[in-house]
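Subject: Structure handover and findings

Hello,

Please find the structure below. My notes on it follow.

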Amino acid sequence: MRTGTAEAALKILAARFLLSCSAAVVYDWQQNFQGTDFVISRSLYFGSRTRRAINDVLGGSAASVLSITFGLSYALLVFAGPLTPYLSYGVAATFISSALLAGVIALGSSMPFAIAGPDSSTAAVMGILAASLVERMIAVDPSAPLLAPVLITLGLSTMVTGFVMCGLGLTRMGRAIRYVPYPVVGGFLGATGLLIVLGAIRVITGYPLRLETLPSFANFITLSELGAAGAMALVLYLTWHRSRTPFGLPIILIGGVIVAHLTFWITGLTAEETRMLGWTFEPPPSATLTLPWHADELARFPWFVVPDLLGHLVAVVFVTAASTLFNTTGVEVAVHREADLERELNVTGLANILAGAMAAYAGCISISRTVLNFSTGGRGRLSGLTAAAAALLMLAIAPQLLGFIPKFVLGGLLLYLGADQLHKWIIESRRRLSVTEYLSLLAIIVIIVIWGFVPGILIGVIIGCATFALSASRIEAIKFSFDGSEYRSSLDRSRDDQDTLLAHGGKIRGMTLQSYLFFGSANRLYQHVKELLQQNPECRYLLFDFKLVTGVDSSAAYSFAQIKRSAQEVGVELVLVHLSATAEKALRSSDFITAGVTVIDELDHALEWCENGIISQHQDLAQEQADLRSWFTRILESEHSADELIRRCQRIEVATDEVIVRAGDPADSMHFILDGRVGVMVPADDGRTTRVRSLGRYTTIGEMGLVSRSPRSATIQAEVASVLYVLNAHQFDAIKTEDPQLGQKLLTYFVSVMAERLAFANRTIAVLRR
């Protein structure tokens with residue numbers, strides 16, 4: 001292991017940051033004064049610059065107090081358990097990371113007053129990553145050196161995170177994280193809060209909280225340490241959590257240290273005894289800047305554990321990117337300034353690459369420190385550079401501070417940070433989430449803690465998608481419905497046509513659809529249409545307006561195919577309006593748009609087309625009724641009798657080759673053929689049928705069976721599409737009882753028809769006998 005002195009490192013970094021400070025001051029001067037048209041006195045100019053610089057330094061100093069305090073606790077979180085002997089290196093890595101992140105982001109951020117550094121969430125996942133590496137190394141070789149592999153792992157993971165974030169920023173894909181379901185993000189960050197609490201317990205007691213280690217907690221000293229840490233966390237919540245004053249946190253921590261040492265003095269415990277009992281830390285050596293990028297160290301690195309660490313690496317990248325975006329958005333809301341998210345990703349990515357090169361760990365913009373700097377008056381880039389310089393100074397004195405700080409003080413701070421995160425995502429989020437979303441958030445937290453981050457992300461995304469699908473399926477696909485009697489085209493029509501549409505416009509049914517149509521919403525649409533067709537059997541045109549539809553998936557196309565089948569069964573024609581190219585492609589690929597489905601560009605033209613069909617149909621029907629009445633009047637010699645017979649008959653339409661009645665069926669009706677042609681078919685001995693007679697319009701068939709009630713002697717089949725009016729036996733009996741005069745006329749007509757057919761048969765026989 002090669003080490004460099006802290007003094008040399010401090011000189012190099014200090015020189016770089018002095019140059020950065022100078023560049024930042026020049027940049028601020030250019031931004032604020034370039035292009036002004038007014039003349040300003042030299043004294044006023046330097047006075048304004050001095051005031052701004054003082055405000056920036058004060059704001060950066062106040063924020064650096066939080067950075068230092070949090071930095072010490074994060075070092076304890078990452079370098080815990082078997083890594084405790086290397087705590088000084090953890091402290092060095094923490095403050096190097098704090099300095100680089102604060103300095104680079106201060107120089108490049110779209111918000112000049114931003115203060116960056118390690119975050120509680122990123123520290124938690126980095127701690128999990130380091131602990132997993134150490135656990136696997138010790139399982140293979142308990143005597144293996146740990147420091148260099150841990151630093152290499154932290155550095156590489158931080159650099160990978162930086163490169164990924166730069167890629168997200170350059171490709172503008174960073175906003176994609178906003179499409180991750182909120183319960184997944186909440187569960188992820190809530191799990192980091194729980195991991196911080198578990199890490200705090202390990203820092204305080206020296207034991208991880210597991211089933212096999214529970215007996216280690218059953219002693220007075222350990223319980224006392226946990227109680228003291230809990231009391232410290234409670235004090236932080238009751239005081240600093242509510243006030244958030246700049247120097248409130250260090251005052252509380254210093255007060256906790258003083259009270260602890262007074263208690264030790266009163267109880268007669270020496271410094272050595274407090275360390276032996278586990279109340280205080282072993283004084284680590286001076287912080288040392290160590291770079292593990294040497295060929296021998298890389299050769300000794302346990303590369304066989306890398307596949308097992310990929311899940312934790314994904315967690316580091318995800319948490320850092322998510323924290324960058326969410327924290328930036330939080331700062332925007334808090335200070336009412338707009339940030340460039342792509343630029344923030346690029347700058348934070350570059351800062352993490354540099355931090356990784358120095359074997360430090362990941363971080364991002366901090367909401368609390370940035371808002372504190374802004375509230376104190378910091379507006380320029382000098383604030384972040386001041387926080388960076390303070391972090392560099394801490395490299396020399398931080399280890400000595402740790403020797404005097406009781407474990408429960410910093411452990412209590414970690415408990416507070418973890419509990420605060422848990423409260424935010426478990427308690428506060430309950431008011432913003434539905435029951436299903438909230439339960440999925442809790443499930444994700446449990447999954448991450450038990451099985452790791454990758455299973456938690458995957459299962460969380462699956463749960464989120466399923467929850468979204470369930471919620472989206474409850475959204476009505478129909479924005480509103482209408483029928484042709486209340487909503488018509490803009491075409492001016494004659495009074496007769498208007499009366500026809502007023503009476504029969506209900507045969508046109510329309511629906512304006514909305515949102516994205518997928519399997520859930522489209523199936524509900526199918527059920528609605530099916531019920532509508534059952535309740536409105538007179539419907540002949542079903543119109544769908546796709547103007548508000550954002551997309552159609554393949555499963556929705558299947559539901560439309562079901563709608564088509566239901567419509568065809570009852571003779572309803574489908575009309576599609578405002579169909580986008582993508583939606584039309586999806587529906588055509590499923591063979592939905594075929595015969596019986598009409599596509600029209602505009603709703604007004606579609607309504608006009610349907611109205612023309614209704615008017616034409618009823619004009620034909622009116623002519624048909626007139627023809628039928630004229631025919632019945634001729635054969636009955638009375639318009640009144642004709643109207644009564646029409647009232648008793650039922651109109652039917654038959655297609656070509658459709659069987660109307662079969663031989664052997666009960667003869668319970670007769671048929672008046674108004675239009676078309678039917679054939680009388682008699683079965684032959686060889687199984688075939690022979691047509692013995694064909695009947696055209698204005699003829700009747702079946703009247704002998706209606707009178708004699710004997711079974712049918714022949715099959716009647718339509719030879720072309722025909723329109724028939726059916727008089728069944730029940731109505732014929734009713735006519736004979738209720739209107740004997742009409743009954744007598746019908747019988748007279750039947751006799752005349754049979755006489756004509758008998759005469760035709762006699763002539764045919766006579767010809768055959770020649």
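Which residues in H5 meet which residues in H13? On the H5 side they are Gly 155, Thr 158, Met 159, Gly 162, Phe 163, Met 165, Cys 166, Leu 168, Gly 169 and Leu 170. On the H13 side they are Glu 342, Leu 345, Asn 346, Thr 348, Gly 349, Leu 350, Asn 352, Ile 353, Ala 355, Gly 356 and Ala 357. Contact means heavy atoms within 4.5 Å. The residues of this contact divide into 11 nonpolar, nine polar and one charged. Here Ala, Val, Leu, Ile, Met, Phe, Trp, Tyr, Cys and Pro count as nonpolar, Asp, Glu, Lys and Arg as charged, and the others, Gly among them, as polar.

Before the rest, the ground rules. This is a predicted model, where local features need pLDDT of at least 70, side-chain atom pairs count only at pLDDT 80 or more, and totals for chains, interfaces and linings use all residues. Residues are numbered from 1 along each chain as its sequence is written, and side-chain values use heavy atoms, with hydrogens and water left out.

**The helix pair**

Helix H5 covers residues 147–170 and helix H13 covers residues 341–357. (Angles under 35 degrees count as roughly parallel, over 145 as roughly antiparallel, 65 to 115 as roughly perpendicular and the rest as oblique.) Axes are lines fitted to C-alpha atoms, for helices over the stretch in contact, and angles run from 0 to 180 degrees between N-to-C directions. The crossing of H5 past H13 is left-handed, meaning that the near helix is turned anticlockwise from the far one by less than a right angle. Helices (H or I, at least four residues) and strands (E, at least two) are DSSP runs, numbered from the N terminus.

**The five-stranded sheet**

This open sheet has the order S3-S4-S5-S6-S7, with mixed pairing. Two strands pair if DSSP finds at least two bridges between them. S3 (478–483) and S7 (597–600) are the edge strands, each with a single partner, so one side of each has no neighbour in the sheet. On average, neighbouring strands are turned by 20° against each other, direction ignored.

Now the pairs. S3 and S4 run antiparallel, joined by five bridges. Asp 483 has Arg 509 in S4 as its bridge partner. S4 and S5 pair in the parallel sense over nine bridges. There, Ser 515 has Val 549 in S5 as its bridge partner. S6 (residues 573–577) and S7 are also parallel, over four bridges. Val 575 is bridged to Thr 598 in S7.

Helix H21 (residues 554–569) packs on this sheet. H21 touches S4 (508–517), S5 (541–552), S6 and S7, and its direction makes about 180° with that of S5.

How many residues of S4 are buried? Eight of the 10, so S4 is largely enclosed by the rest of the structure. Buried means under 20% relative accessible area, exposed over 50%, and partly exposed in between (1.4 Å probe, protein chains only).

**The four-stranded sheet**

The order is S9-S14-S11-S12, again an open sheet, with antiparallel pairing. S9 (659–661) and S12 stand at the edges with a single partner strand each, so one side of each is left without a neighbour in the sheet.

S11 (residues 678–683) and S14 (residues 715–718) pair over four bridges. Gly 679 stands opposite Gln 717 in S14. Six bridges join S11 to S12. Val 680 stands opposite Arg 693 in S12.

**Loop residues to look at**

- Glu 637: phi is near 60°, a positive value in a residue other than glycine. Glu 637 sits in the loop between H23 (603–636) and H24 (639–648), and is exposed at 71% relative accessible area.
- Tyr 698: phi is near 65°, a positive value in a residue other than glycine. Tyr 698 lies in the loop between S12 (689–695) and S13 (699–701), and is partly exposed at 28%.
- Glu 282: the loop is that between H10 (271–277) and H11 (295–300). Glu 282 is exposed at 53%. Its C-alpha atom is separated by 9.1 Å from that of Thr 84, 198 residues apart along the chain.

Best regards
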